[in-house]
Amino acid sequence: MNENLSVLGVFSLLSILAVGGGAAVLPETKALVVETHHWLNDDQFRDIYGLGQVVPGPNMLMVIVIGYHVTGFLGALMAFVGFFLPAGAISWAASRVWDHFEGSPWRRSLQQGLAPLVVGLMASGTISIARTAIDGRLTIIIAFAVFAGVYCVKKINPALLVLGGGLVGLALLSGTGAGMPPP
Amino acid sequence: MSPSLPPAPGAAHAADAPVAEAPAAYAVPQDVRLWDIFVTFLFIGAISFGGGVVAYLRASLVLKKGWLDEEHFLSALEIAQALPGLNATNMSIIVGDRLRGIAGAIVAFTGMTLPGGSMVLALGVAYAANAHNPYVNAALVGVGAAAVGMLSAVTLQIGHKQLGQMLNVAIIAATVLMVSFLHISLVWVLLTVGPVAVFLFRPRKDDAGTGEGETS
């Protein structure tokens, strides 16, 4: 079977399921990529998600790296096209007809109903990353520090906090073999 | 439509016949260049970090460029959030389309994803080549832990105003239970919780005064 096509298929499915944005589709992405297709292990998924956090733009651009891991640059392209084309086409088409529903009371029901669903999916996305990323006291401290920084200090650039977490890990964990793949 | 024609100042509204379905009340700027759209979204794509892209979009599109007013920005955001896909890329497509049709949508999307996409690919190639480097792995453990802190903060920022209402809390709890603990596929979660949630918030006759904006 052609792996490139299955990368395209998996990310196209995730694209149309990504109601509520990237964090909402994170648990399903991990389930498909790690558990169903075994393209990555838990640690690699956490690492690649981390890479997505330190670059600008949408975090879910990390799907490119997942595709690269499966079949190289063509896989990267397949993951990108798969993840962005279907949802992009839907948005493009829907925004042209959306105004026809101006004033429909169901539009607000849709928003109000989807809002808590999306928050639930984002919470699940956090849990799915935390299950691998939180391992030992230092990771708990880093997570709480970044949480406090983002939540309480509004003006701070979150990427700097994430990079700071990386530096703390580098300084305090590099002798311990943390995150190393099993031999 | 012939995009090559120079815009005639003052005559923009005379030629309304060939315009497919631009809503009449919508004061879309008529003469925005594709290059300008590309550069604007490239800039947003290069400086927006950590899920805060909506703030950057608003600052750039509404305040700096004046391409949208507040009301139409929120309406575009409403569409971007209700549909599948990322808010950032959906917004680029919707706004690009309103400014210059499909070509505008394509250049806006490309600008939005080019900086982060090329950088993450470069990092990914470097990561694949250094998978057994203990320094790289130690740093990524720290980055992963920091990502958990950031994700929980963003989730709480978006969700905190819903936590006061039991119905919202119940929907959030049901979703988390199904996805994280029962491991039910997202397709089924969306197809079951979605319609139920929308039905629970269905329009009511006495619904007049409860409106608060949901857009964060």
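Chain A holds 8 helices and 0 strands. The model is predicted. Along the sequence, chain A reads α-α-α-α-α-α-α-α. Chain A has 183 residues, and 57% of them are buried. Take the contacts in chain A between residues at least 6 apart in sequence: 57% of these join residues at least 24 apart.

### The interface

In all, 101 residues of chain A are in contact with 94 residues of chain B. About 8,500 Å² is buried between chain A and chain B. Carbon and sulfur atoms give 73% of that area. On the side of chain A, the residues that lose the most area to chain B are A:P56, A:Q111 and A:L117. Together these three account for 7% of what that side buries.

Polar links also cross between the chains. The rule finds 13 residue pairs in polar contact across the interface of chain A and chain B, with both residues at pLDDT 80 or more. Several elements of chain A give two or more residues to the side that touches chain B: helix 1 (3–17), helix 2 (26–36), helix 3 (42–54), helix 4 (63–71), helix 5 (73–98), helix 6 (105–133), helix 7 (137–152) and helix 8 (158–173). Helix 6 of chain A gives the most, with 26 residues. The salt-bridge count between chain A and chain B is 1.

### A:D47 at the chain boundary

A:D47 sits in helix 3 of chain A. Is A:D47 buried or exposed? Its relative accessibility is 1%, so A:D47 counts as buried. Its side chain makes a polar contact of 2.9 Å with the side chain of B:Y127. Setting aside neighbours within four places in sequence, A:D47 is in contact with B:Y127, B:N137 and B:L140.

### The nonpolar cores

The largest nonpolar core has 75 residues. Within this core, A:F11, A:F45 and A:F83 have the most contacts. Helix 5 of chain B (residues 134–159) supplies the largest share, 10 residues. Where does this core lie relative to domain 1 (34–127) and domain 2 (163–204) of chain B? Both domains give residues to the core, so it lies between them.

A:F11 shows the packing at one residue of the largest core. Beyond its neighbours within four places in sequence, A:F11 is in contact with A:T29, A:V33, A:W39, A:V63, A:I66, A:A79, A:G82 and A:F83. A:F83 is itself one of the residues with the most contacts inside the core.

### Salt bridges

Side chains of opposite charge can pair when their charged atoms come close. A search of the whole structure finds 6 salt bridges over all chains.

| Pair | N to O distance |
|---|---|
| A:K30 and A:D42 | 3.7 Å |
| A:R96 and B:D97 | 2.7 Å |
| B:R58 and B:E70 | 2.9 Å |

Start with A:K30 and A:D42, whose side chains meet in a salt bridge. The pair links distant parts of the chain: A:K30 is in helix 2 of chain A and A:D42 is in helix 3 of chain A, 12 residues apart. A:K30 is buried, with a relative accessible area of 7%. A:D42 is partly exposed, with a relative accessible area of 33%.

Next comes the salt bridge between B:D97 and A:R96. Why does this pair join two chains? B:D97 lies in helix 4 (residues 87–129) of chain B and A:R96 in helix 5 of chain A, so the pair spans both. B:D97 is buried, at a relative accessible area of 8%. A:R96 is partly exposed, at 33% relative accessibility.

Within chain B, B:R58 forms a salt bridge with B:E70. This pair also links distant parts of the chain, with B:R58 in helix 2 (residues 53–64) of chain B and B:E70 in helix 3 (residues 70–82) of chain B, 12 residues apart. B:R58 counts as partly exposed at 33% relative accessibility. B:E70 counts as partly exposed at 34%.

Salt bridges that share partners also join A:D43, A:R46 and A:D47 into one network.

Definitions and conventions:
Residues numbered from 1 in each chain as written. Chains lettered and ligands numbered in written order. Predicted model: local features only at pLDDT ≥ 70, side-chain atom pairs only at ≥ 80, totals over all residues. Heavy atoms only, no water. Core = buried A, V, L, I, M, F, W, Y, C linked by side-chain atoms within 4.5 Å. Buried < 20%, exposed > 50% of the residue type's maximum accessible area, 1.4 Å probe, protein only. Helix = DSSP H or I, 4+ residues; strand = E, 2+ residues; numbered from the N terminus. Domains from an automatic or database assignment. Contact = heavy atoms within 4.5 Å. Buried area = accessible area lost by both parts, 1.4 Å probe. Salt bridge = Lys/Arg side-chain N within 4 Å of Asp/Glu carboxyl O. Polar contact = N/O pair within 3.5 Å; in protein donor to acceptor, adjacent residues only side chain to side chain.
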